[in-house]
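Subject: Structure for you to look at

Hello,

I am passing on the structure below, with notes on what turned up when I went through it. Please read them alongside the coordinates.

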Amino acid sequence: MALTFRRSWSDPDLDQYRDTVVRFIDEHMLPGDEAARHRGHVGHELWRQAGQTGLLCTDIPEPWGAGGDFRHEAVLYEEMARRSLTGMNASVHTIVAHYLLNHGTDAQRQRYLPRLVSGECVGAIAMTEPGTGSDLQGIRTRAERRGTGYVINGSKTFISNGFLAGLVLVVAKTDPTQGARGLSIFIVDTADCPGYRVGRVLDKMGLKAQDTSELFFDDVAVGPEQLLGGREGQGFFQLMADLPYERLIIGVTALAAMEGAYQATLDYVRERKAFGQPIADFQNTRFKLAEMATEITVGRAFIDRCVEDLVAGRLDTATASMAKLWGSEAQGRVVDACVQLFGGYGYMNEYLVARMYTDARIQRIYGGTSEIMKEVIARAL
Ligand SMILES: Cc1cc2nc3c(=O)[nH]c(=O)nc-3n(C[C@H](O)[C@H](O)[C@H](O)COP(=O)(O)OP(=O)(O)OC[C@H]3O[C@@H](n4cnc5c(N)ncnc54)[C@H](O)[C@@H]3O)c2cc1C
């Protein structure tokens, strides 16, 4: 069964935009993907090309951005996820832009948003540390007042876009006695920044073309104008406010990856023969495909509703967490079944489903683990 990949939220303009995205992917992303997978990052040029084509931070309003909405963002994420193109983490980049848009001062927006939209500067957000991830309040990175500014000390790990980042939002403790109210976010401009150091590009199971790095801050001095929003102690609340947006992105990419894996598998099982017949004709294969098609179709209804709710400004954190939880878990199930139907070829990295399999695993961990999603959902019951 060929699924029609129609979205309830799409329209002719978005379809046209999708064509632009696909053209960009064909011309600029696919040809360099293998090299980027070996190198561990896509390089700055691709980011700039994406910016020039108008693909970055599409839902940032004018005068800084193109003034689209989340649907434009979703189109880019979907088309990359469907092809297992993970090198350019455009979602983290956009999330950084949203922190500036929603919580930054006018001067901060003015200074940084155009650079993110153009791709001149790659954005990253640094919360996780070697000693803590899920428990954000356990972070140890400190920002201590020195004169009118601050000095940041600490280390971060697993930071997406970390190697290429020109702008890092760093979560640090400004008052260790205050729990959640003691966290603040600092805008660190990494160019010419004494004390800032990027560690290794980490060797991951999947997401091979994407740079995930350690970051070190040794007496990094920042001015008061680098404190996001200009007020101390707001970090935790700033992070919480943007959660529905971030979690839905993972739901959206999960479903698009499932669709991509399903389509590739359908094509493969119709071609591949065993015992004198296409493997598509075995009842087991047909049942597996039927299960996948059902899961994708049901998921599409839910994710599309979440996209519409987000655009309308009414998606709550618990529902977005369901999208992240269900999407990432379903992606794991579907991609695993696809690898099985590919047999040995499914284990070979030159095949899409093999790459999708290792890429899928992280979806249940980053952006809040499945267990944390269940906590959030359970709290809202
Ligand atoms: C490829 C990649 C990219 C990433 N990108 C970023 C990034 O850009 N920025 C950033 O800041 N971080 C990033 N992370 C970090 C990621 O968000 C964390 O790894 C994740 O939040 C989990 O934290 P942890 O690794 O410390 O695991 P832990 O918090 O130590 O959790 C270990 C296990 O314990 C479980 N657990 C923890 N608390 C509870 C609880 N209360 N109840 C039940 N179970 C619990 C978890 O679910 C998990 O199974 C990235 C990670 C990876 C691998």
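The crossing of α7 and α9 is left-handed. This is a predicted model. The two helices, α7 at residues 243-271 and α9 at residues 317-342, pack at an angle of about 20 degrees, and their axes are 8 Å apart. An angle under 35 degrees counts as roughly parallel, so α7 is roughly parallel to α9. By class, the residues in the contact of α7 with α9 are 20 nonpolar, 7 polar and 2 charged.

Helix α7 also packs against helix α8 (residues 283-311), with axes that come within 10 Å and cross at roughly 150 degrees. The cut-off for roughly antiparallel is over 145 degrees, so α7 is roughly antiparallel to α8. Here, too, the crossing is left-handed. From α7, the contact takes Pro244, Tyr245, Leu248, Gly251, Val252, Leu255, Met258, Glu259, Tyr262, Leu266 and Val269. The α8 side consists of Thr285, Leu289, Met292, Ala293, Ile296, Gly299, Arg300, Ile303, Cys306, Val307 and Leu310. Sorted by class, the residues of the contact of α7 with α8 are 17 nonpolar, 3 polar and 2 charged.

**The α4 and α5 pair**

How do the axes of α4 and α5 cross? Helix α4 (residues 90-103) and helix α5 (residues 106-118) have axes that come within 9 Å and cross at roughly 160 degrees. That angle makes α4 roughly antiparallel to α5. The crossing of this pair is left-handed. On α4 the contact residues are His93, Val96, Ala97, Leu100 and Leu101, and on α5 they are Gln108, Arg109, Tyr112, Leu113 and Leu116. Of the residues in the contact of α4 with α5, 7 are nonpolar, 2 are polar and 1 is charged.

**Domains**

The domain assignment gives domain 1 as 12-120, domain 2 as 123-233 and domain 3 as 242-379. Taken over C-alpha atoms, the centres of domain 2 and domain 3 are separated by 32 Å. Their contact takes 4 residues from domain 2 and 6 residues from domain 3. On the side of domain 2 that touches domain 3, there are 2 nonpolar, 2 polar and no charged residues.

**Ligand shell**

The ligand is surrounded by 22 residues, of which the closest are Met127, Gly133, Ser134, Ser160 and Thr369. Three elements, β1 (122-126), β3 (149-160) and α11 (370-379), each supply at least two residues of the shell. By class, the shell has 11 nonpolar, 8 polar and 3 charged residues.

**Backbone points to check**

Two places in the backbone deserve a look. The peptide bond from Glu62 to Pro63 is cis, with omega near 10 degrees. Pro63 sits in the loop between α2 (44-53) and α3 (70-82). The other is Phe158, which has a positive phi of about 60 degrees although it is not a glycine. Phe158 is in strand β3, and strand β3 supplies at least two residues of the shell around the ligand.

Regards

Note on methods
Residues are numbered from 1 along each chain as its sequence is written. This is a predicted model: local features need pLDDT of at least 70, side-chain atom pairs count only at pLDDT 80 or more; totals for chains, interfaces and linings use all residues. A residue is near a molecule or strand if its C-beta atom, placed from the backbone, lies within 6 Å of it. Helices (H or I, at least four residues) and strands (E, at least two) are DSSP runs, numbered from the N terminus. Ala, Val, Leu, Ile, Met, Phe, Trp, Tyr, Cys and Pro count as nonpolar, Asp, Glu, Lys and Arg as charged, and the others, Gly among them, as polar. Axes are lines fitted to C-alpha atoms, for helices over the stretch in contact, and angles run from 0 to 180 degrees between N-to-C directions. Angles under 35 degrees count as roughly parallel, over 145 as roughly antiparallel, 65 to 115 as roughly perpendicular and the rest as oblique. A crossing is left-handed if the near helix is turned anticlockwise from the far one by less than a right angle, and right-handed if clockwise. Two residues are in contact if their C-beta atoms, placed from the backbone, lie within 7 Å. Domain bounds come from an automatic or database domain assignment.
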